[in-house]
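Subject: Structure handover

Hi,

Here is the structure for you to look through. My notes follow directly below it.

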Number of protein chains: 2
Amino acid sequence: MAMASSAAAAPGPQEQAVINLVNSPQAKIQPAPVSAVRMGEGFWSERRAINRNVSLPTLLKQMEDHGILDNFRRVSGRKQVVRRGPLYTDSDLYKWMEAVAFVLQSGPDAELKTLGERTIDEVEAAQGKDGYINTFYNLERASERHTNMKGGHELYCGGHLIQAGIAWYRATGSRRLMDVGVRFADYLLANFGRDKKPIYEGHPEMEMALTELYRTTGKREYLDFAGYLLKGDQARLPLAQRDLVYLFTGKPFTARTKFEGHAVRAMYAAAGATDYYLETADAGISDTLQRLWTDVASGKTYVTGGMGSRAVGEAFGEPYELPNALAYTESCAAIANMMWNFRMLAATGEARFSDAMERALYNGINSGMSLSGDLYCYRNPLELTGNPDDRIRNPWYDTTCCPPNLERIFASLPGYLYGASKDGLWVHLYHASELNWRLRDGSAVKLSQATAYPWEGDVTLTVRPEQARDFALFLRIPEWASGVVPEVNGKALAERARAGSYYRIQRTWNPGDTVRLRFDMKPRLTRADYRVRDNIGKVAVERGPLVYCLEGVDQPAGAAFWESALSLKEKFTEFRKADMAGRPVALKARGVARSADGSLYSTLAASKAGEKPVELVLIPYYAFANRGTTPMQVWIPYVP
Amino acid sequence: MAMASSAAAAPGPQEQAVINLVNSPQAKIQPAPVSAVRMGEGFWSERRAINRNVSLPTLLKQMEDHGILDNFRRVSGRKQVVRRGPLYTDSDLYKWMEAVAFVLQSGPDAELKTLGERTIDEVEAAQGKDGYINTFYNLERASERHTNMKGGHELYCGGHLIQAGIAWYRATGSRRLMDVGVRFADYLLANFGRDKKPIYEGHPEMEMALTELYRTTGKREYLDFAGYLLKGDQARLPLAQRDLVYLFTGKPFTARTKFEGHAVRAMYAAAGATDYYLETADAGISDTLQRLWTDVASGKTYVTGGMGSRAVGEAFGEPYELPNALAYTESCAAIANMMWNFRMLAATGEARFSDAMERALYNGINSGMSLSGDLYCYRNPLELTGNPDDRIRNPWYDTTCCPPNLERIFASLPGYLYGASKDGLWVHLYHASELNWRLRDGSAVKLSQATAYPWEGDVTLTVRPEQARDFALFLRIPEWASGVVPEVNGKALAERARAGSYYRIQRTWNPGDTVRLRFDMKPRLTRADYRVRDNIGKVAVERGPLVYCLEGVDQPAGAAFWESALSLKEKFTEFRKADMAGRPVALKARGVARSADGSLYSTLAASKAGEKPVELVLIPYYAFANRGTTPMQVWIPYVP
């Protein structure tokens, strides 16, 4: 037992999770490593196969075509070219490399590994002797390093480099790419900090990277530098109020009372602060995180888990400012939302964080990658007029942060499903899969999950400890799942499950014991707080974790799209949409079509005339805009 | 009779209407001159008294303080100063002068006349020998004349000069100011046009002015030049597509299929085109006007009669793009809307145009001037959050086009009430007043209107021809007034009145005959076409011609403003709001307040809990934001 325990305390690189919390004092839950989870057939396996087979190779080609790799070759002298793209393109390659590493964590893939190693060659060769690496601030611009802290993205790129290196190390055991990141981190430590030159990030990201590097290497200075960044160096680097808002950095994180400014910056800052808290137990940071979570959850989160209402500044709006058509909702912001909630979950074990994670994952993140896998959303709006000029899915963006971010989140997904605490195992997300892991006492345990979730609500878990063992299973009961009656070995348990909590089953588990959960997958009508002015008089339709939408292409010819209103009186009929990838469960609903009488304004009484019944078809939101230009709406006018 | 007819055909300057259509071949209706209408006590007389006593003097002082008059003195050499303000400030003074002239058309006013004459002195002295006048393109900038046709506003300013001169001529019989305008117009004719140098307006306005100058002087070339401007000179002055959209000029007016671009420019262009049509019977223009009217009325008009949805470019949006809080709705656009519909009414005699006129006048125009008369709205949004930084009413704007425009429309208002066709007299707007005029055959007729409209719906008209005479009375039945049963001399007429039409009463009228109309002033719940996404699930409350709104300051302490929803089940109670100028009729309504449960999204079923009844108070929209910073909404969530 002592040996096993020690093995658990110092897992080998390939046994480390997406965030390695094995020695984190404030972690209630340690996530299971990607390598311990084998995904079964179903929803995410299909998406992940497309990610592996289409997205990763086509994006690498796009990056080659757009000069992103040549930017490294230029610095290393391997190619005489002009630097191309905005100053932060290095980070796009790093995120792609991290995604490849996560694929490798799920199992061997010689072809991808070779592609990954080739990019490591290019990156490694572009690093300076002093550890500095950035293809923009090099050669003719070397003297400009750290002169544009606000917009230069040097630490942001470095953070993604470090994360990619750690993921590669955990995938392969090779420190090669991580050492590039270590040299950059050491360059920072040598030059900047409280007793050296002052610095701030223009775009938070480095806190997560440095904390993970500390977890991986044990070098405390990395964590301390993350703390320095989180505190800001206002005495030496005062920032204007508008920059403090927009950048969400530069002053003590603990002075934050609300989310504002650039959504991705702010969410990455919160995720990094949570990482820092997990290692340090900083009570001020913990209080701030709770305050910020309430702020964003109570008034600044789209029903899709998307965040950032405003195109101007890619920013959070005021509370309840959640416009549908104008929603900015960058894919990266929804990803950051998931990453942050994953960390909050680890720190607390509270189901509200896994609920938020699941909402973002299935909807506002999942929508970001096309069904075909080679097109990406930067914005994920909740309404489209059907204007052909709105190119919502594209193979490439000049600022191409979202595509590789989507790829790394899908590739790392197995690492988000399970966790362990001192009391037992946790199931955060439901999907056909098998966990092959250990309890915290070091004893081996397998847990297999048979389900067609999210299409169906039936989940059977089979527990297989090496031998009979007393521990708890913590099963997430989603916030939307009422009336769940868990069964063990076919017998209903007496304690009713509470929606939005973890259901604890403490017992002696024998190999082959089964737990069955049945989630009600009946479509739900959801309303928003009245203060969301854009959603007054409208409902969203949800089924399980999925948000649904109406697309013009699915509606009957007679129903002018913008005149349709769902009628509540009718039940939904479910059917598989055979002509779409993944055959999603679609919904038919009886609605009302209103024929325009040509008058822009009319009396309420008069408006009831001219209504006619119509059958409407809803598809999951994540699949929107995959069939050409067509109007779409998530929040649907509702006629009682 | 022949004499009278000839007198009617050539009225003296002081008998000319706001637009003098006596000889316009396409005019179905000739408006009554301002001088023929005496306004009785009531709604508009109170507003007009404030306009005369507060607005006009304080705005003149503002213009002095901001150097607008000094700009003229600088050009005439009377003062050595630096030119101040944007390049179009001359037009602001001209509109103020036109407003003063309209006040004088209603009756003598020595003090205002003196102020007006002083400004004429200044303007006259600043005109060049060649007839050119513009305080920006003079002295050191003389060489730049007509080099910036897009943004220079030289013709726009000139148009307002001409209109002011005509109004002054009609008020006083003096041609002095009009001659300044004539010299500028003649300068244009001498230099520009089809066979001379090409020109286009950057801001339509001149077409109205030149057509009116033609009507006043009989010089056909002015009308032809208006036609040249309306057609555009694309062969010699091609414009980029975006400029053709934004400027709403530069290509043939008849090629327009929809309203787009800058709202005031587009509406002024339409008003000018209607003037041109009234003189020329150009069928292409008539067709275009009908098409454009349908376009704007069916999807681009706010319930307040405001127009121009977008702040960017002060522009029209797409059809049904009518956001409430973001509504740009410049006061000048609502004024232009009224001016255009007044012309369309004259051309057709159709009540839909007077309905549109009344909607704009009572709401989106009327809101533009504060109850105190010394503050003005540039924007007239339909929702305010209550942010103290939103300074919606101000005494001065750098671009101060709206304040004098509001002043001239209020000053000229008596000229919008009545008209005459060959068949008889028309009543377009209801207000206590007396018309002292002639039929088209030249015979004298008086028509007095006794009413407390818009507060009350009872209207009694007393007809006093010189002697018994057979003619028709055309009485507007507003679009919202159903069930009206007109009475003559106390007897109900057999033919029912149709809402949204002119009711014709043809008979031999004896002096003292009375007509009584009773309009139902019960508050109405109005809905918008479903395609106006911002108004789904909401209603507007209207009473007579007035749109109402909720202001936070009036609501009970317990009702959080943004959580209130009007309940339809309750009737409205009316009361006079004694603490506001004009003691407007306010409404009490039973509503529902929803207490926030902290969850941004919840099931529709769950949301019904936590509702509590509350009494809401509505005031007329035009009076919004007169009592400090407070939230406001016109479109109110509605619970069936």
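Val488(A) has Lys491(A) as its bridge partner in β13(A). The strands here are β12 (residues 487-488) of chain A and β13(A), joined by two bridges and running antiparallel. Strands pair if DSSP finds at least two bridges between them. Strands themselves are DSSP runs of E with at least two residues, and helices are runs of H or I with at least four, numbered from the N terminus.

Both strands belong to an open sheet of seven, in the order β2-β8-β9-β10-β15-β12-β13 (chain A), with antiparallel pairing. Its edge strands are β2 (37-39) and β13 (491-492) of chain A, each pairing on one side only.

Before you go further, some housekeeping. This is a predicted model, where local features need pLDDT of at least 70, side-chain atom pairs count only at pLDDT 80 or more, and totals for chains, interfaces and linings use all residues. Residues are numbered from 1 along each chain as its sequence is written, while chains are lettered from A and ligands numbered from 1 in the order in which they are written.

**Other strands in chain A**

Strand β1 (residues 30-31) of chain A runs antiparallel to strand β6 (residues 418-421) of chain A, and two bridges join them. In β7(A), Ala420(A) has Leu425(A) as its bridge partner. The link from β6(A) to β7(A) is a hairpin through two residues.

**Backbone points to check**

Tyr453(A) and Pro454(A) are joined by a cis peptide bond, with omega about 5°. Pro454(A) sits in the loop between β9 (444-451) and β10 (458-465) of chain A. Chain B has a cis peptide bond between Tyr453(B) and Pro454(B), again with omega about 5°.

Glu314(A) is not a glycine, yet its phi is positive, at about 45°. Find Glu314(A) in the loop between α12 (283-299) and α13 of chain A. Glu314(A) counts as buried, with 22 C-beta neighbours inside 10 Å. Tyr320(A), in the loop between α12 and α13 of chain A, has a positive phi near 75°. Tyr320(A) is buried too, with 21 other C-beta atoms within 10 Å. The cut-offs: buried means 20 or more other C-beta atoms within 10 Å of the residue's own, exposed means 12 or fewer, and partly exposed is in between, with C-beta atoms placed from the backbone.

Helix α15 (residues 402-412) of chain A is mostly covered, with eleven of its eleven residues buried. Among them are Cys402(A), Leu406(A), Arg408(A) and Phe410(A). The buried residues of α15(A) pack against α2 (43-65), α4 (89-106), α13 (331-348), α14 (351-365) and β3 (376-377) of chain A.

The largest nonpolar core has 412 residues, and Met267(A) and Met267(B) touch the most other members. Such a core is a set of buried Ala, Val, Leu, Ile, Met, Phe, Trp, Tyr and Cys residues joined through C-beta atoms within 7 Å. Leaving out residues up to four places away in sequence, Met267(B) touches Met307(B), Ala333(B), Ala336(B), Asn337(B) and Trp340(B).

**Domains of chain A**

Chain A is divided into domain 1 (419-518) and domain 2 (524-639). These bounds come from an automatic or database domain assignment. The C-alpha centres of the two domains lie 36 Å apart. Five residues of domain 1 are in contact with six of domain 2. Contact means C-beta atoms, placed from the backbone, within 7 Å.

**How the chains meet**

31 residues of chain B are in contact with 31 residues of chain A. On the chain B side, β16(B) gives the largest share, five residues. Strand β16 (residues 524-528) of chain A pairs antiparallel with β22(B) over three bridges. Arg527(A) is partnered there with Ser602(B).

A rotation of 179°, with 0.1 Å of shift along its axis, superposes chain B on chain A (RMSD 0.1 Å). That is the relation of a two-fold axis. The superposition is by least squares on the C-alpha atoms of residues with pLDDT of at least 70 in both copies. Within chain B, Gly537(B) comes closest to the rotation axis, at 1.8 Å (C-alpha). The copies meet through the same surface, because 100% of the interface residues of chain B are also interface residues in chain A.

Best wishes

Definitions and conventions. Contact = placed C-beta atoms within 7 Å.
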